[in-house]
Amino acid sequence: MASSYTHVGRQIHRATKLVRRDVKDALQRRYFGLGSATFQQPAATVSGSAEEIVIPRKKTWNKEAVLQALASTVNRDPTASHYVFQDDSYLTPRTSAEFKLYSLAQESGRTAAKYFINTYPKYFQKDFANPHIPCLMPETLELQVNEVSEAALIERIQLRKVKAAVDMYDQLLQAGTPVSLDLTNDLLDLISLYGDCDPARGDAPEQRTEEMGEEQEDVKRRKGMPQKASDFLRLVWRENNNAERIFNMMPERNRRSYGALIRGMVKHGAYSKAFNTYTDLLNNRLTGDVHIFNALISAAPEVREKYVEKWDLIVDLLKQMAEQKVKPTLLTFNAVLKALRRCGSLGRTQAFPVINEMKALGIAPSLATYDHVLGIFYKAATSAQGHTEILQDVLSEISGKSFTAQDPDDVEFFKDAMRICLATKDIEQAYRVHSLLGVGENWKLLGDSYYQSIYYGRFFNLLCMMEHIDVVLKWYKELIPSLYYPNSQGMRDLLQALDTDNRLDLIPQIWKDIKRMGHDNKTELVEEMLSLMARENQIPEVQQSFADCALDVKALYTQTDRRVPLSWSAGSLSSITSILLAAERTQQAWEMLKLFKLANRVPSESLMNQFLESVKASNNAQQAVELVQISASFCLSITPNLMERVQQEFDLTEEQRNTLSDLESSTAMSD
Amino acid sequence: MYRRAILSVYQRRSALKPPRDPRLGPPAWTHLACVPVFRAAVQLSRRAFGSAGVQLCEKKEGAPAPVAEEVKNGGETTEELQTEPKKREGAASKTEKELKDKIENRSFQETAAVQTDNTVKAKAQSPDFRTESESDSDSDSDSDSDSDSEAVSRAGAKTEENKITESAEERKSTPASPEKAKDNEVGKKGLLELLGAMKVEVTTKRKLKAPKIQRSGQEAPPRPGEMESTTSMFQQATSEAASQSETLSPELVEAASAAASTLPDSTQAKSELLRQLRKHEAVSQEQRKGETHDIGNIIADMKVGRRLNGRPNARPANQIRFDEDGRGYTHDRGITSELDGVRRRKNPFLTKRLSIFPVGAEQEPDTDLAAGPTLWDADLASQIVQVVNQRPRNGFEEMIQWTREGKLWQYPINNEAGMEEETSVPFHEHVFLERHLENGFPQQGPIRHFMELVVTGLGKNPHLSVKQKLEHIAWFRDYFQQKQDVLNEAETY
């Protein structure tokens with residue numbers, strides 16, 4: 001019995017062994033088939049005589065493929081606000097300020113949650129997710145290893161605690177423990193990157209980057225200072241800081257040690273020092289790597305005065321790269337072009353050779369490359385004459401291409417291209433730029449909301465200037481308010497466009513948008529709109545809608561609960577009055593006339609004449625007399641004239657005549 | 001008021017007239033050249049712009065008086081000659097000799113050099129032509145060039161004047177005038193052939209020099225298209241010059257015989273004419289040969305000064321093309337011109353490169369990159385992320401973002417979705433579990449049999465991970481070991 005079992009067992013064993021071998025073969029074949037379809041292809045062509053079977057290569061999809069396909073089916077809804085606000089209709093932004101506020105609020109809410117999770121990790125240890133989601137768990141930001149060891153140093157470097165890491169390194173050296181070269185290099189990297197200061201915590205409650213952005217915007221607006229001004233002020237490469245100290249203590253240094261130091265020096269503004277360090281590197285018979293050269297090239301314009309000298313230095317660096325067999329990257333050439341922006345006219349001759357060099361080396365330019373080219377050829381100060389075709393060339397080079405962000409300067413392109421379009425009043429190129437924005441993922445390269453508002457602001461400004469009002473309004477509906485919240489200047493441009501194409505009848509509609517976008521407190525804008533409405537007589541319906549609009553404006557002026565109340569000016573008062581008069585709303589116009597007195601403003605003489613005309617039309621003698629009285633009270637020089645006309649053209653009662661003659665005598669007396 | 005203005009203008013014009021006359025020469029002469037009688041002249045017309053240009057240049061350099069004088073002289077001589085046809089021939093040869101003398105007295109290289117420049121410039125007729133000519137010609141050749149160009153212009157003026165007068169009495173002097181024109185032409189031809197030859201020198205020089213100067217970084221990138229056009233243009237000019245020297249001579253002979261036949265003793269006149277012509281041809285060829293050698297050096301020196309000027313050298317070529325009346329070299333440039341247009345449109349991205357880095361050479365792989373991303377790389381990445389617009393535009397994009405962050409279960413893209421733990425485990429680990437029975441279990445017997453069944457079942461179970469399956473087997477191992485006593489008792493172990 002037992003023996004028979006063993007026999008069966010053996011049989012089974014043998015069989016499975018055979019099977020295993022078979023299956024292994026089959027597996028190999030299967031993998032083979034999947035892995036190298038190309039290899040199979042010739043086999044298929046050999047065997048297939050009549051119909052060739054082309055086996056397609058195995059396509060590997062990334063995990064977002066389905067979602068990307070789905071996302072590409074969704075079009076933008078120009079009537080809706082941005083997607084991030086769609087959760088809460090109450091928080092739908094109507095103005096750019098609200099947009100900023102709400103999006104920052106959302107961000108800061110997330111950051112606050114993250115901050116608490118990271119600060120009190122012990123309360124957030126329960127892992128609900130299965131499979132585990134690492135990013136939802138608290139990050140360990142506290143130091144775990146406390147004894148003096150290399151592990152502690154590694155931990156401090158990973159947690160980017162610069163000061164603690166430096167202390168640990170010193171303690172290690174004092175204890176006589178040698179620190180490996182790689183680890184020291186890591187430490188140097190850390191110190192150099194942060195300029196020997198502890199970096200701010202990424203999840204600190206006050207959103208550091210956003211705030212910095214705001215500051216920069218302000219600075220830029222006010223003085224036009226370079227973007228990184230605040231950075232330069234904040235972080236400086238101090239003499240003999242820890243990086244240099246550790247570097248000097250190092251028993252042996254390799255290329256990375258030098259690289260860390262040079263990059264840190266360049267990042268924190270010690271340019272000439274960086275070049276000295278590079279000379280040291282060469283003296284020690286080491287060669288640079290691509291990052292060192294990139295840093296040096298970007299520092300090159302800082303250490304030379306003349307354009308030619310700057311360029312010669314850059315060319316020299318490039319030649320050294322070629323000698324040392326360092327392969328340049330996109331960032332190398334972008335750094336060269338960025339430096340060329342500061343080489344004046346020299347840049348114009350050298351820009352294209354640089355780009356062609358890139359192409360010859362098979363490096364695809366990024367948007368930053370093209371942005372630098374535009375920057376070289378279109379200086380803000382000089383007129384762009386003679387180089388108008390460069391933008392065209394660039395656009396025909398890149399139209400239809402999708403770009404990914406590879407350089408922090410990539411986001412400058414769209415903004416700058418639109419600036420040039422605006423400067424050259426070239427609507428065709430503007431459309432091309434805008435269509436480029438719609439290609440692929442290029443919209444991501446438009447930058448943050450500030451850059452977006454600049455871009456769309458310029459585009460809309462150009463449209464208002466160059467296009468017919470119908471096209472402008474089409475774009476207006478397309479862009480506003482889902483993408484762009486125009487500032488008051490943008491709305492004034494729109495009003496001017498309306499004026500140019502004689503479509504003032506749309507003003508009441510625009511006024512609604514102005515109110516919604518919170519520009520109704522901009523005096524200049526409101527007054528311009530009023531004067532446009534008051535300027536000429538329209539057909540009655542339009543005139544009525546103007547009058548409604550004017551009353552709306554009046555209501556705004558009389559509101560008292562505003563933070564910054566609008567103050568009446570003579571222009572706005574008389575505009576509203578004449579709009580009301582033209583719409584034959586005499587009663588309301590009469591009320592306006594009384595406001596002049598309250599606001600201590602003087603109505604114009606033409607307005608008084610207009611009033612008299614309307615009073616005459618209704619043939620109200622009493623009002624006419626009152627008008628003269630008001631006029632007299634303002635001591636207008638037109639008063640005698642008005643008086644005369646009232647006496648001639650109206651049937652006055654005795655009493656009224658007396659008042660008039662009293663007035664006459666009093667004005668004569670005052671004269 | 002207006003009348004006064006007009007009057008004054010008129011006065012001005014009349015005052016301007018005498019010195020302007022020679023200036024008006026070239027166009028008038030070109031028109032006249034269209035008359036069939038002056039066929040040879042027509043052929044030469046293209047070449048003749050050299051002298052015309054020189055003349056213009058001369059005027060601008062502010063020495064009109066001698067020219068006018070010379071022109072007058074020329075006019076007088078021709079008038080004289082018209083009355084007496086026989087003498088006229090002698091006079092013609094006299095002018096010829098004068099011309100030759102002048103040519104010989106000159107240092108040829110310099111003249112030629114100046115002429116090339118002047119030619120180009122006269123064609124360009126740009127307002128800044130003087131400055132250019134100054135910057136172009138070397139300082140040492142300046143003094144010479146003045147006198148040279150004067151002389152040449154004199155010659156040119158004379159021929160023009162001759163032709164003008166001839167046209168006035170065209171029919172009357174038909175027999176003699178072609179001769180004279182031809183004589184003058186030959187004189188000019190010598191010069192112009194020199195020009196043709198020298199132009200080639202110029203272009204080759206330019207071609208060679210272009211890259212060198214490019215690298216010095218002083219200059220606008222030369223537009224290859226226009227460079228091309230200039231070159232081809234000059235090459236064409238040379239080829240025609242060469243062909244003319246051969247094809248013209250039978251024509252000349254023919255014309256000479258025709259002219260001579262009208263004279264009283266035709267054979268003598270003809271032989272005289274031909275001798276004269278041959279002599280001249282030989283001289284001019286000699287001159288040309290002698291010149292081309294030295295000119296190269298001088299032009300080599302001259303061009304540097306010009307290019308340092310920072311002016312795109314292609315511009316004059318452009319303007320030449322526009323100034324031509326359509327019969328010039330524009331129409332037969334053919335494909336070159338078309339290509340030229342194409343190139344010019346794409347120009348900036350097709351210019352030459354810096355040529356610092358070797359293309360295709362496999363450079364040392366960066367050892368640092370192999371070590372994994374450093375802090376700097378992380379910093380760059382975070383910088384890029386910060387500036388880029390990351391806001392999702394719709395729900396799907398938000399889901400993509402979540403997927404990237406790892407917050408969202410991945411959308412299934414194949415039938416192995418959600419099997420993250422098992423991705424690294426190969427298939428056979430799941431199915432062939434028998435090897436785990438090797439230790440801890442008897443090699444045979446009912447327990448072994450039982451376990452083989454268990455293992456087969458586990459191998460077919462898709463719901464358990466390999467780890468769980470192994471745990472399962474391990475549990476049985478422990479279980480049977482614990483129960484070993486009982487099993488031994490039952491003698492089944």
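Tutor: Let us take A:Gln656, which has its place in helix H32 (residues 654-670) of chain A. Helices here are DSSP runs of H or I with at least four residues, strands are runs of E with at least two, and both are numbered from the N terminus. The model is predicted, so local features need pLDDT of at least 70 and side-chain atom pairs count only at pLDDT 80 or more, while totals for chains, interfaces and linings use all residues. Residues are numbered from 1 along each chain as its sequence is written, chains are lettered from A and ligands numbered from 1 in the order in which they are written, and side-chain values use heavy atoms, with hydrogens and water left out.

With a relative accessible area of 9%, A:Gln656 is buried, since buried means under 20%, exposed over 50% and partly exposed in between, for a 1.4 Å probe and protein chains only. Apart from neighbours within four places in sequence, A:Gln656 is in contact with A:Ala621, A:Gln622, A:Val625 and A:Asp651; contact means heavy atoms within 4.5 Å. With one of these residues, A:Gln622, the side chain of A:Gln656 forms a polar contact of 2.9 Å. A polar contact is a pair of N or O atoms within 3.5 Å; within protein, one must be able to donate a hydrogen and the other to accept it, and residues adjacent in sequence count only if both atoms are side-chain atoms.

Among the contacts in chain A between residues at least 6 apart in sequence, 66% join residues at least 24 apart.

Elsewhere in chain A, a pair of helices can be described in detail. Two packed helices are described by the angle between their axes and the distance between the axes. Axes are lines fitted to C-alpha atoms, for helices over the stretch in contact, and angles run from 0 to 180 degrees between N-to-C directions. The axes of helix H21 (residues 449-466) and helix H23 (residues 488-500) of chain A come within 8 Å and cross at roughly 15°. H21(A) and H23(A) are therefore roughly parallel, a term for angles under 35 degrees, with over 145 roughly antiparallel, 65 to 115 roughly perpendicular and the rest oblique. From H21(A), the contact is made by A:Phe460, A:Asn461 and A:Cys464, and from H23(A) by A:Gly490, A:Asp493, A:Leu494 and A:Ala497.

Several loops of chain A also deserve attention. A:Asp196, in the loop between helix H7 (181-193) and helix H8 (208-223) of chain A, has a positive phi of about 60° although it is not a glycine. This A:Asp196 is buried, with a relative accessible area of 6%. A:Asn600 also has a positive phi, near 60°, in a residue other than glycine, and lies in the loop between helix H28 (586-598) and helix H29 (605-618) of chain A. A:Asn600, however, is exposed, with a relative accessible area of 68%.
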